[in-house]
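Subject: Structure handover

Hello,

The structure you asked about is below. My notes on it follow.

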Amino acid sequence: MKKKFSGQIFCLDLSNSISYKEKKNLIELIVANGGKVSFILNKKCNYLIKNNENDLDTYKCRTAFKFN
């Protein structure tokens with residue numbers, strides 16, 4: 001069975017308002033579905049996951065926009 005996120009790399013940009021348990025559950029969900037999690041944003045990342053859509057002026061967001 002093909003996994004949903006097979007070969008996809010996700011970078012997380014989550015604020016401190018998200019609990020450790022919620023972050024851990026998100027990471028486990030991504031990995032269980034074949035994805036990889038990175039906390040460093042580079043050109044290999046396919047997705048940037050952010051919990052606050054109103055705060056787009058972070059280093060990771062600006063870098064993601066540069067990388068398209």
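Start with T58, which is buried at a relative accessible area of 16%. (Buried means under 20% relative accessible area, exposed over 50%, partly exposed in between, with a 1.4 Å probe and protein chains only.) T58 sits in the loop between β3 and α2. Beyond its neighbours within four places in sequence, T58 is in contact with D13 and K50. Contact here means heavy atoms within 4.5 Å.

Before you go further, some ground rules. This is a predicted model, where local features need pLDDT of at least 70 and side-chain atom pairs count only at pLDDT 80 or more, while totals for chains, interfaces and linings use all residues. Residues are numbered from 1 along each chain as its sequence is written, and side-chain values use heavy atoms, with hydrogens and water left out.

**Overall layout**

The chain has two helices and three strands. Their order along the sequence is β-α-β-β-α. Both kinds of element are DSSP runs, numbered from the N terminus: helices are H or I with at least four residues, strands are E with at least two. The C-alpha trace spans about 40 × 30 × 15 Å along its principal axes. Of the 68 residues in the chain, 21% are buried. Take the contacts between residues at least 6 apart in sequence: 68% of them join residues at least 24 apart.

**Helix α1 and what follows**

Helix α1 covers residues 20-32, 13 residues in total. From first C-alpha to last, α1 reaches 18 Å, close to the 18 Å expected at 1.5 Å a residue. The expected span is 1.5 Å times one less than the number of residues. Just after α1, G34 takes a positive phi of about 90°.

G35 is in the loop between α1 and β2 (36-38). G35 is buried, at 7% relative accessible area. Leaving out residues up to four places away in sequence, G35 touches F5, Q8, F10 and I30. G35 and K4 are 31 residues apart along the chain, yet their C-alpha atoms are separated by 7.9 Å.

**Cysteines**

C45 is buried, with a relative accessible area of 14%. C61 is buried too, at 4%.

C61 lies in helix α2. Past its neighbours within four places in sequence, C61 is in contact with D13, L48, K50, D55 and L56. C61 and S38 are 23 residues apart in sequence and 14 Å apart in space, C-alpha to C-alpha.

**Largest pocket**

The largest pocket holds about 150 Å³ of space. Pockets come from a 1 Å grid over the protein atoms alone: a pocket is an open set of points where a 1.4 Å probe fits, with protein on both sides within 12 Å along at least five of seven lines, and lining residues have an atom within 4 Å of a point. Grid points are joined across faces, edges and corners, and the volume is the space filled by probe spheres set on the points.

Its lining is L41, N42, K43, C45, N46, Y47, L48, A64, F67 and N68. The lining divides into six nonpolar, three polar and one charged. Ala, Val, Leu, Ile, Met, Phe, Trp, Tyr, Cys and Pro count as nonpolar, Asp, Glu, Lys and Arg as charged, and the others, Gly among them, as polar.

Best regards
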